[in-house]
Amino acid sequence: MKSPLLNVFSLHLDSHKVHTTEIIYKALSIALHWREREGLNGLPNSPPNCSSFAIRETTHHKKMASLDPSNSPPNHSFALRDATGQCFLRSLSTKEASFNGFHCSPPRYSTPSLHTSPLSSPLRTFNPNPSNHTISLDASYKCLSSVLKKDGQILSIAISNGIIYTGSDTNLIRIWKLPEFSECGVLKTKASTVVALAVSHERVFAAYGDTKIRVWRRTWDGTLKHIKLATIPRTSGYVRSYISSKDKMTRHMGPITSLAINISDNILYSASVDKTVKVWRISDFKCIENIPAHSEPINAVVVADDGILYTASDDATVRVWRRNFCRGAWPHSLMVTLPAKCSPVKTLTLTADGGVLYGGCTDGYVHYWLKGWASGQLQYGGALQGHTHAVMCLASVSNYVISGSADSSSRVWSREHDGQHVCLAVLVGHRGPIRCVTAFLGHAGEEVEDGCTICTGSLDGVLKVWRVSRTKSGSGGFVKNDYFELDEGV
């Protein structure tokens, strides 16, 4: 049985047979497309209430009810009419189709820029040696806990003596106790947006969006308590410096991005988008030095146990500074500038012994430099690749390196004895860029070398705790574990 649609086109074509047949076939395809759009299948046994189509040949001046080739105009246009009488004009033209009315546009390719957005896809202009790291399936990992508070974005995190501190968009610093990861207190101020945290010697330093640093002392008198000590810079000192035109010396002129503590010298470093690093003496909370470190905003600062200072900037460099133990206007002097392959450096981390420096960049790579034990000079070691967007945070514990990215994932790397890096796990679960990360060895407070526990904070407002471990079989070989287990508890 023929389809009703085919009966419409059972016509006798004479002089314009080829041309008109081509037009009819195109019209038939349009009719079938419209039937599919209306949810019809176009089969002969379609329900009686289905719309039936007729094809009419028209001109711009009049409509013609016949498909007689003698009456065919030189330029055809067709109208599809359903049973309801509605017409849907479709024209045939030999010109190229115009896409001006489309809402989508063809992809545009941008040239490499020094200030690549952290949420943009990386520009793979640099191809590191692929042999410097491999992917391993010899690790098991899972999410132990997932907590969502009404604090907005999680911006900073720090850990010390089994206590985790997290800062967010609000004026609260939440305190979490390990190993159960239960909330045990908050630190509240009038200022909001805790952009950086650092903890050392029972003191908590927090940088806020108002370019000031708050300091608390932690006590353990039966219960955990925090006593606020100071706000840096002090208000009285700020007024005096403003009057004496030394405002730029005692306070940052832009938001603070990172904090680092030199334990041996008892000083605090603060980096800012104002392109400077300020040195604060912890004993009296005074600014003792202002370092114009970079030509672009500074994103991260870390300090080694030997007092060497490292700064990372949007100028795509990492700079190394040495503190000179002498009196003078510039106690810190620049040692060397490390290029980061034309990509802004967003975060830094050091191994515990200071032998390896890692820098996360907006191109998605984690570059690292090795320190020579004899010369003390830093040499470029390679890059870890895997992230598709900017690396926003890094953490290092033992031989593990953890990276958090704007692609909403976190990668766990293991540095082997031969210098190669193995990717143990890709932690996926956040729905926003990972802004901060910290890690500690073992699980439930146990200092063991078979794995690490990781805390990640994201711009989605969720704080997650992960457990990554390397397991071995009875024969001493690694057990292949290629599953991902997610156990969330809010």
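Biologist: Which strands each supply at least two residues of the lining of the largest cavity?
Modeller: Those are β6 (139-148), β8 (163-168), β9 (172-177) and β33 (462-470), where strands are DSSP runs of E with at least two residues, numbered from the N terminus. This is a predicted model, in which local features need pLDDT of at least 70 and side-chain atom pairs count only at pLDDT 80 or more, while totals for chains, interfaces and linings use all residues. Residues are numbered from 1 along each chain as its sequence is written, and side-chain values use heavy atoms, with hydrogens and water left out.

Biologist: Which residues lie nearest the centre of that cavity?
Modeller: Lys149, Asp151, Ile154, Thr166 and Arg174 do, out of 14 lining residues; a cavity is a set of points on a 1 Å grid over the protein atoms alone where a 1.4 Å probe fits but cannot get out, and lining residues have an atom within 4 Å of a point.

Biologist: And what volume does the largest cavity have?
Modeller: About 90 Å³, taken as the space filled by probe spheres set on the points, with grid points joined across faces, edges and corners. The search of the whole structure finds two cavities of 30 Å³ or more.

Biologist: Switching topic, why is β31 described as largely enclosed by the rest of the structure?
Modeller: Because seven of the eight residues of β31 (residues 434-441) are buried, meaning under 20% relative accessible area with a 1.4 Å probe and protein chains only.

Biologist: Which way does β31 pair with β32, parallel or antiparallel?
Modeller: β31 and β32 (residues 451-458) pair in the antiparallel sense over seven bridges, where pairing requires that DSSP finds at least two bridges between the strands. Within this pair, Ile434 has Ser458 of β32 as its bridge partner.

Biologist: What's the strand order in the open sheet of four strands?
Modeller: The order is β15-β16-β17-β18, with antiparallel pairing, and the edge strands β15 (256-262) and β18 (286-291) each pair on one side only. Neighbouring strands of this sheet are turned by 20° against each other on average, direction ignored, using axes fitted as lines to C-alpha atoms and angles that run from 0 to 180 degrees between N-to-C directions.

Biologist: How many bridges join β17 and β18?
Modeller: Five, with β17 covering residues 277-281, and Lys278 stands opposite Asn290 in β18.

Biologist: Last one, what fraction of the whole chain is buried?
Modeller: Buried residues make up 48% of the 490 residues in the protein chain.

Methods
Buried < 20%, exposed > 50% of the residue type's maximum accessible area, 1.4 Å probe, protein only. 1 Å grid on protein atoms, 1.4 Å probe; cavity = no way out; pocket = protein on both sides within 12 Å on 5 of 7 lines; lining within 4 Å.
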